[in-house]
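User: I am new to this structure and would be grateful for a close look at one part of it, the sheet and its surroundings.

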Amino acid sequence: MADITKTGILNSLKKVEDPNFNKDLLILNSIKKFEVNDSTLNLDLSFTLPSSNDSAQLKDKFIYKIKEDFPSLKIINLTIDAKTTVHQDLNKNQILPGVKNTIAVASGKGGVGKSTVAVNLAVVLAKEGAEVGLIDADIYGPSIPLMLGLKEKPKIMQNQHTMKIIPLSNYGVKVISIGLLVDDNAPVIWRGPMASGAVKQFISDVDWGELDYLFFDLPPGTGDIQLTLVQTIPLTAAVIVTTPQEVSLIDARKALKMFTRVNVPVAGVIENMSYFTAPDTGKKYDIFGTGGGSKIADELSVPFLGGIPIDPRIRIGGDNGVPVLYDTPDSEHAKAISQISKNMASQIHLINVKGSAASKMEILLDADE
Ligand SMILES: Nc1ncnc2c1ncn2[C@@H]1O[C@H](COP(=O)(O)OP(=O)(O)OP(=O)(O)O)[C@@H](O)[C@H]1O
Ligand SMILES: [Mg+2]
């Protein structure tokens with residue numbers, strides 16, 4: 001009979017079909033306790049996203065499948081804990097006590113798709129059941145309101161001692177952006193310190209409430225706003241967006257190094273505009289080259305979270321304020337973005353429990369501990 005191993009049990013669990021259960025979240029690290037005594041298995045599972053919820057039905061299905069695969073097991077004690085892990089940091093807890101994780105979405109170069117990626121990561125995790133916020137930290141070129149179809153002005157809640165801005169919300173994501181506060185066509189002509197001040201205010205003067213993830217969509221580069229952000233709030237992690245070609249990679253390296261220099265863990269590299277599949281012939285074109293994202297991830301020992309193809313529908317969704325998960329949920333790009341979001345959530349979880357990301361996604365998914 002097959003030995004009862006952690007990996008064997010994990011493989012059994014992966015066979016279970018349940019609408020409340022997302023298999024992509026099941027990684028070896030999800031097994032918190034694993035004890036086999038004769039015919040008894042004690043198993044504690046922990047999932048990184050709240051949607052994989054502890055339904056009695058799901059538990060029964062897990063137990064049934066394990067017994068089927070390992071008939072020698074007579075008693076299975078199973079617990080499921082499904083919640084996002086918290087980045088424990090005293091300063092962060094003081095500034096944003098209700099926010100479990102803060103994540104910067106950055107790039108070196110402009111126009112590589114940071115805002116698109118930030119919006120879609122946030123929307124995917126919100127759809128999975130997480131509480132999610134998004135700060136548009138691009139004060140000079142805010143694009144989040146357009147991409148999430150937000151137009152109203154946020155309300156201000158004031159009492160004797162405090163003033164809080166109420167974030168707007170769409171697709172389950174709470175949002176604040178300078179674009180919601182100033183006139184659409186009015187250029188923001190503030191000096192650097194004022195722009196940095198706005199980002200600080202977005203952190204401390206907005207009523208964020210309880211969040212699993214608060215994302216920051218950064219402007220390109222490694223300037224004032226990036227510096228202010230890392231000095232204002234201890235970030236759980238940064239994710240770096242790049243396109244595959246060398247001119248983008250040079251700047252992505254700089255961004256990556258900036259975060260490591262200030263001790264912000266990098267949860268991974270996302271390659272955007274990886275390739276284009278012609279809709280008429282199905283032929284694949286590597287418009288900006290290929291493999292650049294995984295190359296710098298390897299080079300700098302950070303995880304490669306995945307690639308997103310070029311698809312005009314991503315741009316159209318952005319312009320119309322309908323994220324791809326709602327606009328074209330069955331498309332290749334929507335699936336890629338969903339997988340990347342879950343990979344990122346897993347890496348954030350690892351950073352919280354182990355202090356660093358796993359340098360390779362495969363290690364996270366397959367290897368035994
Ligand atoms: N994979 C993709 N396929 C097609 N269009 C894309 C893709 N990713 C982004 N775009 C489009 O490319 C343009 C630039 O993207 P986006 O604004 O997200 O980049 P950015 O890095 O945030 O730019 P900036 O540096 O100016 O903030 C947008 O019109 C967006 O819709
Ligand atoms: Mg942007």
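In what order do the 3 strands of the open sheet stand, and what is the pairing?

Analyst: The model is a predicted one, in which local features need pLDDT of at least 70 and side-chain atom pairs count only at pLDDT 80 or more, while totals for chains, interfaces and linings use all residues. Residues are numbered from 1 along each chain as its sequence is written, and chains are lettered from A and ligands numbered from 1 in the order in which they are written.

The open sheet has the order S1-S2-S3, and its pairing is mixed. Strands here are DSSP runs (E, at least two residues), as helices are (H or I, at least four), numbered from the N terminus; two strands pair if DSSP finds at least two bridges between them. In general, strands of a sheet pair through backbone hydrogen bonds, either parallel or antiparallel.

Strand S1 (31-37) and strand S3 (75-82) each have a single partner strand and stand at the edges, so one side of each lacks a neighbour in the sheet. On average, neighbouring strands are turned by 5 degrees against each other, direction ignored. Strand S2 (residues 40-47) and S3 run parallel and are joined by 8 bridges. Within this pair, Leu45 has Ile80 of S3 as its bridge partner.

Two residues are in contact if their C-beta atoms, placed from the backbone, lie within 7 Å.

Elsewhere in the chain, helix H4 (residues 114-127) and helix H13 (residues 332-354) have axes that come within 9 Å and cross at roughly 80 degrees. H4 is therefore roughly perpendicular to H13, a term for angles of 65 to 115 degrees, with those under 35 counted as roughly parallel, those over 145 as roughly antiparallel and the rest as oblique. From H4, Asn120, Leu121, Val124 and Leu125 make the contact, and from H13, Ile337, Ser338, Ser341, Met344 and Ala345.

As for confidence, the protein chain averages a pLDDT of 89, and 93% of the residues score at least 70; pLDDT is the predictor's confidence in each residue, from 0 to 100. Over residues 362-369 the pLDDT falls below 50, and this stretch has 12 contacts in the model beyond near neighbours in sequence.

Methods. Axes are lines fitted to C-alpha atoms, for helices over the stretch in contact, and angles run from 0 to 180 degrees between N-to-C directions.
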